[in-house]
Amino acid sequence: MEDLTSYPLELTGPDIPMVRFLNVRKSYGELIVLDNLNLDISPNEMVTIIGPSGSGKTTVLRMLMTLETIGGGVIYVDGKPLTHMPKNGALVPADARYLRKARSSIGMCFQHFNLFPHMTALQNCMEGPVQVLGLSGREARERAEELLMMVGMIDKKDQHPSRLSGGQQQRVAIARALAMRPKVMLFDEVTSALDPEVIGEVTNVIRDLTTRHSLTMLMVTHQMGFARDISDRVCFFFGGKIEEQDSPDELFSNPKSKRTQQFLSAVKAAD
Amino acid sequence: MQWDWEFTAEILPKMLWATVNTLMAAGIGYVIAAVIGLLFALAQRTPFRSLTFIVREVVEFIRSTPLILQIFFVYYVGPEYGLWLSPWVAGMIAIGLHYAAYLSEVYRGGIESIPKGQWEACTAINLTMAQSYRRIILPQAIPPSIAGMGNYLVSIFKDTPMLSVIGVEELMQAANAVGGQNYRYLEPYTIVGVIFLIISLTAASAIRGFEGWIRRKLGME
Ligand SMILES: Nc1ncnc2c1ncn2[C@@H]1O[C@H](COP(=O)(O)OP(=O)(O)OP(=O)(O)O)[C@@H](O)[C@H]1O
Ligand SMILES: [Mg+2]
């Protein structure tokens, strides 16, 4: 097992990042998916990950959501370890109970929405607040309605997901995640499964979030224009590593790495 | 042998009364089967390998041996180990466990049909494992299982006559008794057949209606 003694029990000092990936590794059998990833995300920062298929983008988000175990290294959220817990002055892999507490500051939206099909839009958004946060039905409803209003879905609140378009479902999914009041929101290709004409209604909601809420966001997308518009920073992933990261303007207009250049011109050619 | 309407009228109340017992046996047996079957299904999904293994083997064993043997076993072998059970209790245990094994497979199929994304959404909003099952997974897994579960409800009902072998006073036992006393079997056995036919058909259509209703209620058609 990995020697974790050199990893701090918690992050201290000024400028504590909201999220820190510290030497994070992940492999499936022989396949190394993430190779010693180091990435800090500041509070309220919007970071976008781009890169070719299979470069490990989704894996980064899934590990942060604790859907995937970590292969090595430590992830910290808000200064505290997420994947590990302190025990007798050292870090050990987190148990289910610790994970449950630690992941409460993280929310995620998926490519295929994953709404609960047997619940209405409103019920989808109330489920977590009632069951997990212990809100009363009335409080949860108020919170859910406010968020459904924000994403423009209030008039469909009593519909089941099967009656909603993909764009509408994704907006409900965003409201459902926000209802848990996360500090960090993860978006994994949330527009990839959508028809082109409804992509805008989802990206507009996310754009709103960057201006109106104090949220740290980590997004994977194939929409370069959108990434350029709203990100504070863009990371280009290649082969489980950050090949290059920079401000969107710099990365898109003046990519330094050969691989970034190739990727961007390939994407442009496909558009 | 001529059909005797007078005799029919005379034994009918007794037969109908026994029908109540048959329905009760099927109902109780089914509730036991439904609950234990769910436990069997969930036990096979825990991370505890040995528990999963044991439950798998038990389910396999029950499914591979005849119900009648299991009924005899509980009723006659139990006392040799100091476990004296009344015919009703022994019968309910045997038939409940037997169908629990079958129902657990139905549940398992239903649970496994739920996409992985639903579990991930549960984690993302931080539901516990128990909450995920109760609120998200089972409500989706059960509606598509209703047809399968309904078939076993009809089967358990049709298997209740086997309980007559250990003396549970159900419909078959009543027919045997009436027939033996009067040396006439045509009417009692025919009545048994007709009653089973009516109830089975009614139950089957009720189950179809119920399935549709649940699907509509959950907005899943
Ligand atoms: N559960 C798994 N088992 C085995 N291999 C996996 C598993 N999940 C992901 N991988 C592999 O890990 C690599 C990275 O996957 P990941 O989903 O992170 O890529 P990605 O950058 O999100 O790609 P895409 O743009 O296609 O979504 C891929 O080669 C993938 O096949
Ligand atoms: Mg991906």
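1. Largest pocket, by element. Three helices each supply at least two lining residues: α2 (96-102) of chain A, and α5 (116-124) and α6 (129-159) of chain B.

2. Basis. This is a predicted model, in which local features need pLDDT of at least 70 and side-chain atom pairs count only at pLDDT 80 or more, while totals for chains, interfaces and linings use all residues. Residues are numbered from 1 along each chain as its sequence is written, chains are lettered from A and ligands numbered from 1 in the order in which they are written, and side-chain values use heavy atoms, with hydrogens and water left out.

3. A pocket here is an open set of points on a 1 Å grid over the protein atoms alone, with protein on both sides within 12 Å along at least five of seven lines; lining residues have an atom within 4 Å of a point. Volume is the space filled by probe spheres set on the points, which are joined across faces, edges and corners. The lining has 15 residues, and A:Arg103, B:Trp119, B:Thr123, B:Leu127 and B:Met129 are the closest to the pocket centre. By class, the lining holds 7 nonpolar, 4 polar and 4 charged residues. Nonpolar covers Ala, Val, Leu, Ile, Met, Phe, Trp, Tyr, Cys and Pro; charged covers Asp, Glu, Lys and Arg; the others, Gly among them, are polar.

4. Second largest pocket. The volume is about 360 Å³. Its lining counts 18 residues, with A:Thr69, A:Ile70, A:Thr83, A:His84 and A:Pro93 closest to the centre. The classes are 8 nonpolar, 7 polar and 3 charged.

5. Ligand 1, shell. The ligand is surrounded by 13 residues (a heavy atom within 4 Å). A:Ser53, A:Gly54, A:Lys57, A:Thr58 and A:Thr59 are the closest. The shell divides into 4 nonpolar, 7 polar and 2 charged residues. α1(A) contributes the largest share, 3 residues.

6. The side chain of A:Thr58 puts an N or O atom 2.6 Å from a ligand oxygen. For A:Gly56 the contact is from a backbone N or O atom, at 3.0 Å from a ligand oxygen. A polar side-chain atom of A:Glu189 lies 3.3 Å from an oxygen of the ligand. The protein covers 60% of the 630 Å² of accessible area that ligand 1 has on its own (Shrake-Rupley method, 1.4 Å probe). In chain A, β2 (31-41) and α1 (57-64) are the elements giving two or more residues to the shell.

7. Salt bridges. The count over all chains is 23, each a side-chain nitrogen of Lys or Arg within 4 Å of a carboxyl oxygen of Asp or Glu. B:Arg135 pairs with A:Glu127, with the closest N and O atoms 2.6 Å apart. This pair crosses between chains, from helix α6 of chain B to helix α3 (residues 121-131) of chain A.

8. Cavities. There are 3 of 30 Å³ or more; a cavity is a set of grid points where a 1.4 Å probe fits but cannot get out. Residues from both chains line the largest cavity, including A:Met108, A:Arg176, B:Ala121 and B:Ile125. β8 (106-109) and α5 (166-178) of chain A, with α5 of chain B, each give two or more residues to that lining. Its classes are 8 nonpolar, 1 polar and 1 charged.

Conventions:
Polar contact = N/O pair within 3.5 Å; in protein donor to acceptor, adjacent residues only side chain to side chain. Helix = DSSP H or I, 4+ residues; strand = E, 2+ residues; numbered from the N terminus.
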